[in-house]
Amino acid sequence: MNVYDSLRMVDLMRTLGFEQTDTPDDADMIIFNTCHIREKASEKIFSELGRFKPLKEQRKKQGKDLILVVAGCVVQAESAEFMNRAGFVDIALGPQTYHRLPELLRRLEQKRKQRIIDVEFPAVAKFDFLPAAKSNGVSSFLAIQEGCDRFCSYCVVPYTRGAEYSRPLNEIVEEARQLAETGTKDLMLLGQNVNAWHGEGKDGTPSDLSRLVKAVAEIDGIERIRYVTSYPSDFTKEMIAMHRDIPKVMPYLHLPIQSGSDRILKKMNRRYTCAEYEEIVACLREACPEIALSSDFIVGFPEETDDDFEQTMDLVRRVTFAQSYSFKYSARPGTPAAAMKDQIPEEIKTERLEKLQALLIEQHAAYNAGFLGKTMHVLLEDKAKKAGYLLGHTPQMQNVVVKASEEFLGQIVPVRITKTAATTLDGELS
Ligand code: 5AD
Ligand code: SF4
């Protein structure tokens, strides 16, 4: 979602005549977009910003300026502390106000030296104020839903992104069309809780994610559709069915479980049990046998015992994942879990994470090894670092490095897989 927001800020700044630069040295303005989900991500911004203070001072000596803008959830969550620790920042704004950037820049011009901070949750959605979307390549993100009403006990999102908001269907279809017209073939529909999306269909009747996906699939040029992130108990039969019935819906699903212990899931305020999660997975695999499953895990949640952790390991062994993201629990200010007793010591979190990741990486490698020698349809999206090679994705969202010349960029081509590892495949045009 932050990548999407950053790209929309670029679209917005283009309307003021700005262009993206490759290095900070060429920049008149630098925008930092920040993440508050875990402490590590959040702390990064302060050290990053410190690096740019000398550059700003150097510009001043030359009689010029470097405008420093910080956007995103760190600003939203810690606006007061933020301005104390980074007083040389010119503009700070939250994730729901970045559409006001042009107006804030004008205000900055008028009252030089005065810092501006904007962390409102405006009543009118920012999307109404953003310019037409433009593809940056053949793969694009499209935010369809934002914010969250789930309040998992460890999570800052409901506080930083605000309440659940679904963009209207027509607006989403229009943005998808703009992206298709400017070269997008592969679309990732985004939301913090994407399957909570709700709206009205073209005929005015209530519509859920499956109807929205159907409408997006009708757009010429869009060939691949994925959506992220899904909340297990908001996943419906209709959503399962679209993996069987809509060929453009790719066989890939990111479905975070977080823990394999029902006791911990309850403390996390996740409103499903492991058995319910496994039932959804079974139905999905029945509807779409080739589906690749991905998940998120948190280890070391308060009160997690060795036995709870072993239950997570057992769940992973039972379900098996093609991809995954796993994290040590990070206490976030203001969330209920941060105040829970029995916070788990760092060494135990580290030990559990290592164990879990070893198992998951083994599963990812085994999953990918199953494709050795097979031919897969790969969308070639970018140049690889190595000359003569391109990067792409399979329908199951595996990364592939393909020996191919640039003329194939942007095409979906058959690729024979010649080598596999846990995070990438190698292949050649077949
Ligand atoms: N600590 C660790 N991981 C977290 N996540 C969200 N909040 C926290 C936290 N406080 C993880 C969850 C979520 C992913 C986006 O980040 O696994 O699915
Ligand atoms: Fe955070 Fe996701 Fe839970 Fe919402 S559903 S509170 S975004 S972890």
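In this predicted model, α1 provides the largest share of the lining of the largest cavity, namely 3 residues. The structure holds 1 cavity of 30 Å³ or more, and the volume of the largest cavity is about 30 Å³. Its lining is made up of Asn2, Asp5, Met9, Asn33, Ala71, Gly72, Leu93, Gly94, Pro95, Tyr98 and Arg161. Two or more residues of this lining are given by each of α1 and β2 (67–72). Sorted by class, the lining of the largest cavity comprises 5 nonpolar, 4 polar and 2 charged residues.

By class, the lining of the second largest pocket divides into 14 nonpolar, 6 polar and 5 charged residues.

Two ligand sites were then examined. Around ligand 1, the shell is formed by Ile37, Arg38, Tyr154, Gln258, Asp296, Ile298, Phe327, Lys328, Tyr329, Ser330 and Arg332. This shell contains 5 nonpolar, 2 polar and 4 charged residues. Arg38 places a polar side-chain atom 2.8 Å from an oxygen atom of ligand 1. On its own, ligand 1 has 400 Å² of accessible area, and the protein covers 86% of it. The strands β13 (292–299) and β14 (323–328) are the elements that give two or more residues to the shell around ligand 1.

Ligand 2 is surrounded by Cys148, Arg150, Phe151, Cys152, Tyr154, Cys155, Val157, Pro158, Tyr231 and Arg270. The shell around ligand 2 has 8 nonpolar and 2 charged residues, with no polar residues. Tyr154 belongs to the surroundings of ligand 1 and also to those of ligand 2.

Several backbone features were found in loops. The peptide bond that leads from Val228 to Thr229 is cis, with an omega near 5 degrees. Thr229 lies in the loop between β11 (224–228) and α9 (237–245). Glu303, a residue other than glycine, has a positive phi, near 75 degrees, and is located in the loop between β13 and α12 (306–319). Thr320 is likewise not a glycine, yet its phi is positive at about 65 degrees; Thr320 falls in the loop between α12 and β14.

A further loop, between β18 (412–420) and β19 (424–429), contains Ala422. Ala422 is 58 residues from His364 in sequence, whereas their C-alpha atoms are 5.0 Å apart in space. When neighbours within four places in sequence are left aside, the residues in contact with Ala422 are Ile361, His364, Ala365 and Asn368.

Notes. Residues are numbered from 1 along each chain as its sequence is written. Chains are lettered from A and ligands numbered from 1 in the order in which they are written. This is a predicted model: local features need pLDDT of at least 70, side-chain atom pairs count only at pLDDT 80 or more; totals for chains, interfaces and linings use all residues. Side-chain values use heavy atoms; hydrogens and water are left out. A residue is near a molecule or strand if one of its heavy atoms lies within 4 Å of it. A polar contact is a pair of N or O atoms within 3.5 Å; within protein, one must be able to donate a hydrogen and the other to accept it, and residues adjacent in sequence count only if both atoms are side-chain atoms. Accessible areas come from the Shrake-Rupley method with a 1.4 Å probe; for residues, only the protein chains shown count as cover. Helices (H or I, at least four residues) and strands (E, at least two) are DSSP runs, numbered from the N terminus. Ala, Val, Leu, Ile, Met, Phe, Trp, Tyr, Cys and Pro count as nonpolar, Asp, Glu, Lys and Arg as charged, and the others, Gly among them, as polar. Contact means heavy atoms within 4.5 Å. On a 1 Å grid over the protein atoms alone, a cavity is a set of points where a 1.4 Å probe fits but cannot get out, and a pocket is an open set with protein on both sides within 12 Å along at least five of seven lines; lining residues have an atom within 4 Å of a point. Grid points are joined across faces, edges and corners, and a volume is the space filled by probe spheres set on the points.
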